[in-house]
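Let's take a friendly walk through this model, strand by strand. Please keep the 3D view open as you read.

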Amino acid sequence: MKEVKDITLKKNESVDSIVRKMKESGGFQAPHLSQAIDILEEMIKNKKCVKFLSFTADIISTGARGIIKDMIKNKWFDVIITTCGTLDHDIARSFKKYYQGSFLMNDKELRKREIHRLGNVLIPTDSYGIIIEEKMRSWLKEIYSEKKELATYEFCWELGRRLKEDSILYWSWKNKIPIIIPGISDGAVGYQIWQFWQDHKDFNVNIWKDEQYLSDLIWNSEKTGALIIGGGISKHHTIWWNQFKNGLDCCVYITTATELDGSLSGAQTREAISWKKIKENAKNVNLFAEATLVLPFIYSSLLERLNK
């Protein structure tokens, strides 16, 4: 047995130094955070490993958007799987502002004032649906004039080249890192694509091209690893494809969901092993934490290690 050690901190101690000490603290989620960063460091450094980043769209409404953007800018991951809401929030926040609120606000009053509440983030109507509709109507005409059929990752690149450097989509396009959206119709951007299709039936966002891309990527990979933030379709699509090579070689789950209801979002890495979506001997950890709380520490620690 290893002794539980007290954490003692020095003035101006780096985040990475603190995280390394948490490994010895033995207490609850602290060692899991340290272990998660160790796994991610090894995964990112391994040039033979195809690296997946999966996350849910809600965190893009927060400051965590900047961390996801910088991870893509730094080319830490080879492929991203997320939901249509990521496109919605990334586009909206490129042109409009979101605001800080409270979980306890009066939602009936917010409705009267034309403000959406996402947790404790406030999104005025003209900062979401209105601006997305305005931009998408213009961009879809431009895209249609050049291409009639695109995979979702190709469509995301088309959006990215029309955005500024503060966006996730821009750096996906700039670094040619595919963003795959299995549920492309489930969001404001997807709705605008459907609206456009009503009068342009020869326009096609072809999800099967995404599946072909993932198939080729998996079958040609020597090793694969993943950082999976949250659950839902993003998580499942990531581990689904990796079952065809007997599972991920390394994996970090960040979640607040429970496994007790049998949901995919709450399922832990050990359950994925039974489905052959994660290998038996894979380095893996479940970090039970709210993503916006731990991502700054994960990113800062990795930045220090990888820059060395």
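Three strands make up an open sheet in the order 3-5-4, with antiparallel pairing. Strand 3 and strand 4 are the edge strands, since each pairs on one side only. Here strands are DSSP runs (E, at least two residues; helices are H or I, at least four), numbered from the N terminus, and two strands pair if DSSP finds at least two bridges between them. This is a predicted model: local features need pLDDT of at least 70, side-chain atom pairs count only at pLDDT 80 or more, and totals for chains, interfaces and linings use all residues. Residues are numbered from 1 along each chain as its sequence is written, and side-chain values use heavy atoms, leaving out hydrogens and water.

Now look at strand 5 (residues 121-124). Val121 and Ile123 point one way, Leu122 and Pro124 the other, and all are buried, where buried means under 20% relative accessible area, exposed over 50%, and partly exposed in between (1.4 Å probe, protein chains only).

Strand 3 (residues 99-100) pairs with strand 5 over two antiparallel bridges, and glutamine 100 stands opposite valine 121. Strand 4 (residues 115-118) pairs with strand 5 over four bridges, again in the antiparallel sense. Across this pairing, isoleucine 115 stands opposite proline 124 and histidine 116 opposite isoleucine 123. Strands 4 and 5 form a hairpin with two residues between them, and glycine 119 in the turn has a positive phi of about 65 degrees.

Finally, find tryptophan 197 in helix 9 (residues 188-197). Tryptophan 197 counts as partly exposed because its relative accessibility is 34%.
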